[in-house]
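Hi,

Here is the structure I said I'd pass on.

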Amino acid sequence: MKNRPSELFTELPASRRSLQPVPDFLQATLNQTLFAWQLVPDTDPWQAGIPFEVLAQEPILAREKRLEWHTPALPPSDLEYVDALELRMDQPLQDPIETYLQPIDAQRLALYFSGNVDFLALCETLDASFPYPIHGGFAAKPQPEFPGFELGLLRKTDHWPEFRPFRLTVTADGIAGLSHGFLSIHRWLQAFTDTDYPTAQLLSKVQFSFERSADILLDYVYIRAFRLLLAQWQEAFEQETPTPLFIHVSQGPYPDWLLAQINSYTVGTEEAEPVDAYAEAFLQALTWYVAQKVWAQVMIPLE
């Protein structure tokens, strides 16, 4: 590590270091929101201002509708309205997994696998079942303490460019959940420092799955803050252009402005609810505050 974590912001682009004041009329609403989220700051969080550009990213134009399928049931028959299937193997299979995979068109559908499964062995089964590159992913948790397994899974899935063998779940536990997720991916990326896998490639192999809370705005800000944290991490540690993250969210209401932040969502019985949109300046200020709070909580203690 070239510098202490608390000094890394000095290396960020000028657009991230040049601050603008937060309008007075907006500060009261921002503080009320933070109070409702139990994030009351000790000092005035807006005194120094926020960057002119908090987070630059391309809009997500295509989103994947995912349907969960629980074993030992057979695959759903009506799949025309979804783009992906997640096979949740929480129960032992009654038949070989090839029986379940046979009727699936994996050229059209993304396939995800989670539950009690040997992912390394599953790679061989999928290779034998589908003679073409598949897309989707496993739910293997990033674990830097098991580098042999991690590298094995990466190498067995390298020939599937659109397949993400790892899944990092960000729990709906407020700042604690966000901080744990950020610290986990930080340690995981650091564990690959001496391998031939660059950060950009590693991040492209991870699905970041966010649990839903009862507050859609909170979910939205936490997703944006997590994107910002990983963008800052790459710019500070790697001096690289940030890699777009693959974001998935579990079931819940999906207003358009939330969908604009995610790549994949699990479909359920809940309908989209009419929800007020928010001013971009309001969202940027909340994103900046949450990201800086998590960065300070996670990175500063590592010095």
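Strands S9 (residues 246-249) and S10 (residues 264-266) run parallel and pair over two bridges, with His248 standing opposite Ser264 of S10. Keep in mind that this is a predicted model.

That pair belongs to a barrel: eight strands close up in the order S3-S4-S5-S6-S7-S8-S9-S10, with parallel pairing. From one strand to the next, the twist averages 30 degrees.

Now the helices. H5 (residues 147-157) packs on the sheet and touches S6 (136-140) and S7 (163-170); the direction of H5 makes about 135 degrees with that of S7. H8 packs on the sheet too, touching S7, S8 (206-210) and S9, and its direction is at about 150 degrees to that of S8.

H5 also has a helix partner. Its axis and that of H4 (residues 119-129) come within 10 Å and cross at roughly 10 degrees. Since that angle is under 35 degrees, H4 counts as roughly parallel to H5. On the H4 side the contact uses Phe119, Leu120, Cys123 and Glu124, which meet Phe149, Gly152, Leu153, Lys156 and Thr157 of H5. By type, the residues of this contact are five nonpolar, two polar and two charged.

Last, the inside. The largest nonpolar core holds 93 residues, and those with the most contacts within it are Phe113, Phe182, Ile185, Phe208, Phe226 and Val290. The top contributor is H8 (residues 216-238), with 16 residues.

Cheers

Technical notes
Residues numbered from 1 in each chain as written. Predicted model: local features only at pLDDT ≥ 70, side-chain atom pairs only at ≥ 80, totals over all residues. Heavy atoms only, no water. Core = buried A, V, L, I, M, F, W, Y, C linked by side-chain atoms within 4.5 Å. Buried < 20%, exposed > 50% of the residue type's maximum accessible area, 1.4 Å probe, protein only. Helix = DSSP H or I, 4+ residues; strand = E, 2+ residues; numbered from the N terminus. Pairing = 2+ DSSP bridges. Axes fitted to C-alpha atoms, helices over the stretch in contact; angles between N-to-C directions. Contact = heavy atoms within 4.5 Å. Parallel < 35°, antiparallel > 145°, perpendicular 65-115°, else oblique. Nonpolar A, V, L, I, M, F, W, Y, C, P; charged D, E, K, R; others polar.
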